[in-house]
Structures are given as C-alpha cells and as structure tokens.
Amino acid sequence: MHDVKEMCRSASRSELFVRIPSCEIEEIVRRARALEFASGEVIHSEDDPITQVLLLLEGRIKKSQFSENGQEVILRLVVPGETISVPTLLPGSKHSSAVQALQDCKVLAWESATFHAMVERFPALQENVELILLSRLDDLTQRFCEVSSNATSPRLAISLAYLVDRIGERVEEHIELRVSQEILGQMTGMTLNSVWRLLSIWKGQGIVKLRRGVVEIHNLPRLLSFAELVDAPAQNGGPGVEIVAAGAMIAGIHKESHEDPQPY
C-alpha cells in the first residue's frame, strides 16, 4: 500500500473523495502517511487529543464508548473507504470515542494541520467532510432511537440488517456476517445471554445458523420482518429475496468463497 498510485486507487472509492478529480486526490494522498495497525490494537482512546485524520483502506475498526460501570457500547463498525474518526475542523478537539482494530488494518493518516490546509484548498473536500459529519450524526440519532424505543427482538434484527448492508458476504444460498455475539450485544445494548437466546430461537426457526464468530442469514425477509423492514407477504421468501419497505436498503453483499464450517 506504500505505492502512491495504489493508495490513490483505494482512496478514490472512499466517502472522503466523492466527486473529487483524480489529480486532486493524488495530491491530497501524497500528503498522507500509510500506517498499519494489528488486530486488537487500540488506535486512540476516548478524550485523546485529535492530532490526525485517518482513512481506512483495509480491515475493520470498532468505535466505542464506555459507561461509568465499564460497559462497552459500540457506536459504529468502520469499513474500508470510511474515515475512522469524524474529521473535525475545530482546533484543540478531543476524540469522543475509543477506536480499536478488529482486524489487521491499513490506513492513510494526515496530520490535522495538513488536512485542514487541504480542506481550505479544495472546496469539494470540505463539502465531503461536512456531509460525513451530518451522516454520522444522523446514524447516531437513529441508533439511539432504536435502542431506546425498541424491544430486544427488533433491536437485534435491525442491527443484523444494518450489518448485512455493511459487511454481509454472499456465500452460496446464504449471507454471512463475520461478527461475534459479544459485538452484537455491544451494538444493541443487550446482554450476551439475550443475544444468544434470540439467535438460538431464530436458529430453530431456520432464519439463521451459527458458527464461531459468524452468523449465517438463511431467511433475510423473515429476519427483516422482526425489524419491521419488510412487508408480510415477503416473509416466507428465500434468502435471496430482498424486498424491503421504504427507507430501508440492503445492498453491498459480496460473494466470497467459504471455508469448512467451524463448530459453534
């Protein structure tokens, strides 16, 4: 990833560089450093000063906060093409969440002063930063409403539908989510026991199958019915049926090869 052209190709597909000409992307990328983080490594903690802007190129990141009693709540799973922390333009700002690598990751990093200079120079970059800020705020507001107003079943179903769109992999006739039950609990504000109980019920109904660190979705419309994201007539469709109500989107599902199942 240390080759500038290769980094530009990866970065050009990101939310940060939408509608920015390739020549400008290359100039901005040349001002960045390529960094790597090992799985499990803490990239920054809550209340750390913001000193750089990070763009994820490979891997997966979790952003989380901790309650007073030490309970972790995952705010977002960051996927390639997204900024790891919201690129604030205010000097002296601090991170509002902790960030940790869930997989080996490769990122582009700009020092804050350098990034601010690029924002001033390229108006389209500033517009994208503002859109990212609004998108993250909308996402957090929606997540808060889901957790505060829904029972456990819709909350877990909504989170699984959200993950299908972001990290779902099409494998033969089902969709795989490489996510642990612990992370699902941290995303939904549920105990590990509650997550396990619901998934076990859905497993008995043929909606999901479980492997270690993997949730297989075998009846997506039925799952969406628990989240109230699909019309009733579509509930009995197969896993490839993706008919959702207005406002919901299930997309970006990748087809990949699959290893022998591990015992759950």
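Q: What should I know about the model before starting?
A: It's a predicted model, where local features need pLDDT of at least 70 and side-chain atom pairs count only at pLDDT 80 or more, while totals for chains, interfaces and linings use all residues. Residues are numbered from 1 along each chain as its sequence is written, and side-chain values use heavy atoms, leaving out hydrogens and water.

Q: At what angle do helix 5 and helix 7 pack?
A: Two packed helices are described by the angle between their axes and the distance between the axes. Here helix 5 (residues 152-167) and helix 7 (residues 192-204) pack at about 75°, with axes 11 Å apart. That makes helix 5 roughly perpendicular to helix 7 (the word covers 65 to 115 degrees). The contact (heavy atoms within 4.5 Å) includes Leu156 and Leu160 of helix 5 and Leu198 and Trp202 of helix 7.

Q: Which way do strand 3 and strand 7 pair?
A: Two strands pair if DSSP finds at least two bridges between them. Strand 3 (residues 52-58) and strand 7 are antiparallel, over 6 bridges, and leucine 55 stands opposite leucine 108 in strand 7. Strand 1 (residues 33-37) also runs antiparallel to strand 7, joined by 5 bridges.

Q: Is helix 6 buried or exposed?
A: Buried means under 20% relative accessible area. In helix 6 (residues 181-188), 7 of the 8 residues are buried, so the rest of the structure largely encloses it. Among them are Ile183, Leu184 and Met187. Glycine 189, with a positive phi near 70°, follows helix 6.

Technical notes. Axes fitted to C-alpha atoms, helices over the stretch in contact; angles between N-to-C directions. Helix = DSSP H or I, 4+ residues; strand = E, 2+ residues; numbered from the N terminus. Parallel < 35°, antiparallel > 145°, perpendicular 65-115°, else oblique. Buried < 20%, exposed > 50% of the residue type's maximum accessible area, 1.4 Å probe, protein only.
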